[in-house]
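Please look at the sequence and the model before reading on.

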Amino acid sequence: MGQQRGSRTGLTHREVSRVVGLLFAMALMNVVLYLCLDQFFISPGRPAKDSGRCPRGYFRMGRMKNCSRWLSCEELRTEVRQLKRIGEGAVKRVFLSEWKEHKVALSRLTRLEMKEDFLHGLQMLKSLQSEHVITLVGYCEEDSTILTEYHPFGSLSNLEETLNLSKYRDMNTWQQRLQLAVEYVSILNYLHHSPLGTRVMCDSNDLPKTLSQYLLTSDFSIVANDLDALPPVDRDSGVLVKCGHRELHGDFVAPEQLWPYGEDTPFQDDLMPSYDEKIDIWKIPDVSSFLLGHVEGSDMVRFHLFDIHKACKSQIPAERPTAQGVLDTYQKVLHSLRDTVMSQTKEML
């Protein structure tokens, strides 16, 4: 009898050890899942941006560890190999090219009468280098060429097509899309408070044209690419803008960009009132709606952005929020919704 009781006691000790081991393993798995969830929701699908920017006149791209000086005319002529044309606009043609095993984009002036716009875009690129703007690699005013970093996804208008590819479907989430909207507004905020003062994104008279001004990077960020039409605004000096010299139509442009004197009065550019950077704010809801798409959760995001988007669409420009105000709201909504989803997911563990 004593031996039987001893046998039972030994078995119970082994079972307890197994249970304790199993509980410890489960607890360890939960810790790992918590850490993975924190990483996923804090930085969904993209590494942190490199905060170490190159000084003015230098660049770094791809796997380059050190900054290099902008390429000169001679270097552009002898070291850059032009491969194929990948785009063309009113001001320049763009060619996929190669420099020291790096893929780059070589832009050439299309027509001499557009040289002023071309040089304006170059000046903007040189002066506004930041995480918000395409990386300038080199330029040659003599040859009317500009070399920039190449992003294979191309224009932001390719977003849906890119996210529908099987290898990127895991990125097709409301979190990732809202992050893109945050970056879009961040770019506008940067332009409105740039080192050159307030600048207005004038090449934005419809949605396709607006999207074509930005590139989608390989890590699913957004950078401004086409800076040929960035006129300044300075209210203190009475400097306002007019985007082009033709009459504009449609709901995408801001009300103050429309001819105000009715159909009975023919359009005259010199009678058209000027306006300020609040035309960029008017367009934010339409661009963000495109970026949010129609994935699971995007309608939830639209609901939380309803009030700020309503304010953006105020008929009175002065009543619209600033780009910083919109950005603050976007970031607050992004963090709040991430925290909510992360909390709900952790409770299910």
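In this predicted model, Cys-67 has a relative accessible area of 28%, so it counts as partly exposed. That value lies between the limits of 20% for buried and 50% for exposed.

**The disulfides**

What is Cys-67 bonded to? Cys-67 forms a disulfide with Cys-54, and their sulfur atoms are 2.0 Å apart. A disulfide is a covalent bond between the sulfur atoms of two cysteines. The angle about the S-S bond of Cys-54 and Cys-67 is -90 degrees, and this link is left-handed. The two partners sit in distant parts of the chain, 13 residues apart: Cys-54 is in the loop between α1 (2–42) and β1 (58–59), while Cys-67 is in the loop between β1 and β2 (68–69).

The structure has three disulfides. The table lists them with the distance between sulfur atoms and the torsion about the S-S bond.

| Disulfide | S to S distance | Torsion about S-S | Handedness |
|---|---|---|---|
| Cys-54 and Cys-67 | 2.0 Å | -90 degrees | left-handed |
| Cys-73 and Cys-140 | 2.1 Å | about 100 degrees | right-handed |
| Cys-202 and Cys-243 | 1.9 Å | about -75 degrees | left-handed |

For Cys-73 and Cys-140 the torsion is about 100 degrees, so the disulfide is right-handed. Cys-73 belongs to helix α2 (residues 73–79) and Cys-140 to strand β6 (residues 136–140), so this bond ties together parts that are 67 residues apart in sequence. Cys-140 has a relative accessible area of 1% and is therefore buried.

For Cys-202 and Cys-243 the torsion is about -75 degrees, so that disulfide is left-handed. Cys-202 is in the loop between β8 (198–199) and α6 (207–211), and Cys-243 is in the loop between β11 (232–233) and α7 (278–292), so the pair ties together parts that are 41 residues apart in sequence. Cys-202 and Cys-243 are both buried.

If the bonded cysteines of the protein chain are numbered in sequence order, the pairing reads 1-2, 3-4, 5-6. Another cysteine, Cys-312, has a relative accessible area of 0% and is therefore buried.

**Around Gly-57**

Gly-57 is in the loop between α1 and β1. Is Gly-57 buried or exposed? Its relative accessible area is 14%, so Gly-57 is buried. When neighbours within four places in sequence are left aside, Gly-57 is in contact with Ser-68, Arg-69 and Trp-70. Gly-57 and Trp-70 are 13 residues apart in sequence, and their C-alpha atoms are 5.7 Å apart in space.

**Residues with positive phi**

Most residues other than glycine have a negative phi. Lys-100, which is not a glycine, has a positive phi of about 50 degrees. Lys-100 is located in the loop between β4 (92–99) and β5 (102–109). Its relative accessibility is 57%, so Lys-100 counts as exposed.

Ser-144 also has a positive phi, near 55 degrees, and is a residue other than glycine. Ser-144 is in the loop between β6 and β7 (145–149). Its relative accessible area is 8%, so Ser-144 is buried.

**Helix α7**

How far apart are the end C-alpha atoms of α7? They are 22 Å apart, which agrees with the 21 Å that 15 residues should span at 1.5 Å a residue. α7 has a kink of about 35 degrees at Ile-284, shortly before the proline Pro-285. Of the 15 residues of α7, 13 are buried, so the helix is largely enclosed by the rest of the structure. Gly-293 follows α7 and has a positive phi, near 65 degrees.

**The chain as a whole**

The protein chain contains 10 helices and 11 strands. It has 349 residues, and buried residues make up 44% of them. Among contacts between residues at least 6 apart in sequence, 65% join residues at least 24 apart. The protein chain exposes about 19,400 Å², of which carbon and sulfur atoms supply 53%.

Notes:
Residues are numbered from 1 along each chain as its sequence is written. This is a predicted model: local features need pLDDT of at least 70, side-chain atom pairs count only at pLDDT 80 or more; totals for chains, interfaces and linings use all residues. Side-chain values use heavy atoms; hydrogens and water are left out. A disulfide is a pair of cysteine sulfur atoms within 2.5 Å. Helices (H or I, at least four residues) and strands (E, at least two) are DSSP runs, numbered from the N terminus. Buried means under 20% relative accessible area, exposed over 50%, partly exposed in between (1.4 Å probe, protein chains only). Contact means heavy atoms within 4.5 Å. The expected span of a helix is 1.5 Å times one less than its number of residues. The bend at a residue is the angle between axes fitted to the seven residues ending there and the seven starting there. Accessible areas come from the Shrake-Rupley method with a 1.4 Å probe; for residues, only the protein chains shown count as cover.
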